[in-house]
Amino acid sequence: MILTGGPGTGKTTTVKGIIEVFKRADKNILLAAPTGRAAKRMNEATGMEARTIHRLLEAKPPSSYQRNEENKLESDVLIIDESSMIDIVLMYNLLKAVPDEMTVIFVGDADQLPSVGPGNVLRDMIGSGTISVVQLTRIFRQAMDSRIVMNAHRVNHGEFPDLSNKNNTDFFFVSQQDELVLAYSITVHKAQGSEYDIVVLPLTTQHYMMLQRNLLYTAITRAKKAVVIVGSERAVRIAIKSDQVVQRNTELAIRLGD
């Protein structure tokens, strides 16, 4: 099955509940995520060991895996977090190593950026209509106090975020019209799967080709304590209006349907 939903809707809490149910049923459970940081977050949230998918499959550079169709994974349950980051090649190699009797649960937010590698696997699996999908939509009360969470959902729904810089807020906007002094930073793509206490996001119209709703949404949802957007409201509006997910000609959803 697939468990999906935005920030503050309880994905992590639900996963912990699922794990507890399987433990009580005396089932063996494997936890994994596409990146080391995402695996570490999963470990911290659940108190169980979580590995990268490559480590789970016992990767042997440059391209082979020790776990495959001839040497399958040994467990009752496999839970994969941050599934939107998995490309078609990694998913292919993962599923080759999954025995038919294993329960597999994919957890992720399909509205975040698609994988850096080819494919749009999580979105295609959801769109195929062939896999059970549980979508969490209710934002819980403790999350409603965070403007990071509320503004992330507003952006995702195509609504303009609250940029009012109120007292005791965790979301700030600094109106500033390009010059930028170069400093160390990472791309939103590289940040996906990680969390940071504070995110500072330069957002200007010079980034026109990158101004996409899912990029802004992903950037905002990386922050735990504060978001500071530096740039122009026009750039924010452009990003929110640009909801065209880059076309990826995968045919995966069609093949799953067939």
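## The second largest cavity

By class, one nonpolar, four polar and two charged residues line the second largest cavity, where Ala, Val, Leu, Ile, Met, Phe, Trp, Tyr, Cys and Pro count as nonpolar, Asp, Glu, Lys and Arg as charged, and the others as polar. The model is predicted, so local features need pLDDT of at least 70 and side-chain atom pairs count only at pLDDT 80 or more, while totals for chains, interfaces and linings use all residues. Residues are numbered from 1 along each chain as its sequence is written, and side-chain values use heavy atoms, with hydrogens and water left out.

The residues that line this second largest cavity are Gln212, Arg213, Asn214, Ser242, Asp243, Gln244 and Val245 (a cavity is a set of points on a 1 Å grid where a 1.4 Å probe fits but cannot get out, and lining residues have an atom within 4 Å of a point). The space in the second largest cavity is about 30 Å³, as filled by probe spheres set on the points.

## The largest cavity

The largest cavity holds about 60 Å³ of space, and its lining consists of Ser84, Ala110, Gln112, Leu113, Pro114, Asn120, Val121, Leu122, Arg123, Asn214 and Val245. Six of these residues are nonpolar, four are polar and one is charged. Helix α5, which covers residues 121-128, gives the most to this lining, with three residues (helices have at least four residues and strands at least two, as DSSP runs).

Gln192 is found in the loop between α8 (188-191) and β10 (196-203), and because its relative accessible area is 3%, Gln192 is buried (under 20%, with a 1.4 Å probe). Leaving aside residues up to four places away in sequence, Gln192 touches Ser84, Met85, Gln112, Leu113, Pro114, Thr218 and Arg222 (heavy atoms within 4.5 Å).

With two of these neighbours the side chain of Gln192 also makes polar contacts (N or O atoms within 3.5 Å): one with the side chain of Ser84 at 3.3 Å, and another with the side chain of Gln112 at 3.1 Å.

## Asn151 in helix α7

Asn151 lies in helix α7, which spans residues 147-156, and it counts as buried because its relative accessibility is 2%. Beyond residues up to four places away in sequence, Asn151 touches Pro161, Asp162 and Phe171.

## The open sheet

Six strands form an open sheet with parallel pairing, in the order β3-β2-β6-β7-β1-β8 (strands pair if they share at least two bridges). Strands β3 (51-52) and β8 (133-136) stand at the edges, each with a single partner strand, so one side of each is left without a neighbour in the sheet. Strand β1 (residues 2-5) runs parallel to β8 and is joined to it by four bridges, and Ile2 stands opposite Val133 in β8.

Technical notes
Buried < 20%, exposed > 50% of the residue type's maximum accessible area, 1.4 Å probe, protein only. 1 Å grid on protein atoms, 1.4 Å probe; cavity = no way out; pocket = protein on both sides within 12 Å on 5 of 7 lines; lining within 4 Å. Polar contact = N/O pair within 3.5 Å; in protein donor to acceptor, adjacent residues only side chain to side chain.
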